[in-house]
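Visitor: I would like to learn how to read helix packing in a model. Could you take me through it?

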Amino acid sequence: MSLRLLLTRFYALQLSALFVLVAGALAGPQIDTGYGQLPVFEFHSGFWLNLHHTLYQEARKRASLPTQGDKNAKSSSPAPPSLADPSNGLTDAERRAWEDGIAYYAANFANKDLLFSGDLTLLKSQLGDFEDCADLSGSKQKFCNAGLDPKLTRILEAAAPVYRAHLWPGHDRANRRWVLRVAPLVRQRGVGLSQRLADIYQTQWPRHKIRVDMTAYANWAGAYTTLDPLDVTISSTDGRNQGSAALEVLFHEASHGIAQPVEAAIIRECRQRDKAIPRDLWHALVFYTTGEVVRPIMASADAADSDGSGPGGSASGGPYKPYAFREGLYRRNWDNYLDLLERFWAPYLDGRATFEDAIARMVSAL
Ligand SMILES: [Zn+2]
């Protein structure tokens with residue numbers, strides 16, 4: 001090998017080492033888990049989406065509307081501090097910019113639902129598209145003009161430095177930590193799980209990776225999923241999403257994108273029998289199904305990780321309890337549905353009934 005070639009290689013190595021250092025220091029919104037490309041999902045921790053959800057959460061809190069954290073008594077990771085707290089050490093200018101942000105959100109968005117409001121779902125996808133941008137007006141780089149309402153652009157750009165200085169580092173860290181913890185299970189079991197769920201719902205899993213936006217706050221439920229395009233938002237600080245619950249939350253949310261055949265089949269059966277359509281049955285079914293499919297995976301993860309500290313670790317110890325059981329969803333609203341699911345849907349999951357028969361039987365027993 002010539003000296004010149006050696007030197008070239010040496011510089012190339014130096015350059016790539018430098019690139020790794022710079023990339024590490026300026027971690028981009030797409031989260032690198034250290035495993036290379038993960039299957040099934042693409043995780044993001046985006047500045048603007050996190051600011052947006054934080055202002056929304058603060059505005060809802062001021063208006064005494066339901067927020068994430070209301071039912072969070074069991075939270076294993078306390079919610080990050082709120083900037084609204086007077087003891088937080090903001091300058092007067094910072095406090096004004098932040099309060100203006102909350103006031104704007106209170107007037108325009110607090111009464112709207114993050115999942116069902118067209119305005120908010122559009123805004124979420126716009127902010128996600130511009131997550132690499134330092135501003136939203138395009139004043140530094142033209143392609144960063146997000147085309148938002150000019151007043152909202154001003155509000156977000158004024159609140160941004162306050163958020164960046166005081167809350168964002170903690171929020172970003174929580175987002176990345178959540179993803180790092182669930183990554184080994186996604187890597188090992190993600191493809192199998194997605195295929196199993198697609199088979200159950202008699203459909204195809206999306207070909208592209210599903211975008212998951214990690215945010216310190218999501219909606220009151222701690223996670224929500226918008227369709228067209230399929231986009232999952234998960235709160236990294238919600239107590240209900242932590243530890244062994246993470247994998248199920250991830251696949252429950254993603255299942256919103258493929259469970260339409262169940263909803264359609266329930267509606268069809270109801271029409272044939274002239275019965276009122278049970279609006280939430282399909283959602284109870286999605287909870288039940290993800291829980292049952294994830295349960296054996298978590299049992300083996302727990303067995304492999306007896307100290308409970310790893311990705312499968314159940315903080316409370318004991319066998320894995322699916323989300324809807326643990327959070328009392330059936331007990332509170334869906335007692336009757338649980339009975340139907342256990343009698344008619346579980347046999348389908350076990351391969352002892354067909355999809356059509358299981359749905360038909362559930363609906364006729366309603
Ligand atoms: Zn759901």
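Guide: Gladly! In helix α13 (residues 355–364), Ala 358, Ile 359, Met 362 and Val 363 are buried. They sit on the same side of α13, because they cover an arc of only 125° around the axis. A residue is buried if 20 or more other C-beta atoms, placed from the backbone, lie within 10 Å of its own; the arc is taken over the directions from the helix axis to the C-beta atoms. Helices are DSSP runs (H or I, at least four residues), numbered from the N terminus.

This is a predicted model: local features need pLDDT of at least 70, side-chain atom pairs count only at pLDDT 80 or more, and totals for chains, interfaces and linings use all residues. Residues are numbered from 1 along each chain as its sequence is written.

Visitor: What do the buried residues of α13 pack against?

Guide: Their partners are α8 (260–273) and α12 (335–349). Contact means C-beta atoms, placed from the backbone, within 7 Å.

Visitor: At what angle do α2 and helix α5 pack?

Guide: Axes are lines fitted to C-alpha atoms, for helices over the stretch in contact, and angles run from 0 to 180 degrees between N-to-C directions. For α2 and α5 (residues 150–166), the angle is about 95°, with the axes 11 Å apart. That makes α2 roughly perpendicular to α5, a term for 65 to 115 degrees.

Visitor: Which residues meet there?

Guide: Trp 48, Leu 51, Thr 54 and Leu 55 in α2 meet Leu 156, Ala 159, Ala 160 and Tyr 163 in α5.

Technical notes
A residue is buried if 20 or more other C-beta atoms lie within 10 Å of its own, exposed if 12 or fewer, and partly exposed in between; C-beta atoms are placed from the backbone. Helices (H or I, at least four residues) and strands (E, at least two) are DSSP runs, numbered from the N terminus. Two residues are in contact if their C-beta atoms, placed from the backbone, lie within 7 Å. Angles under 35 degrees count as roughly parallel, over 145 as roughly antiparallel, 65 to 115 as roughly perpendicular and the rest as oblique.
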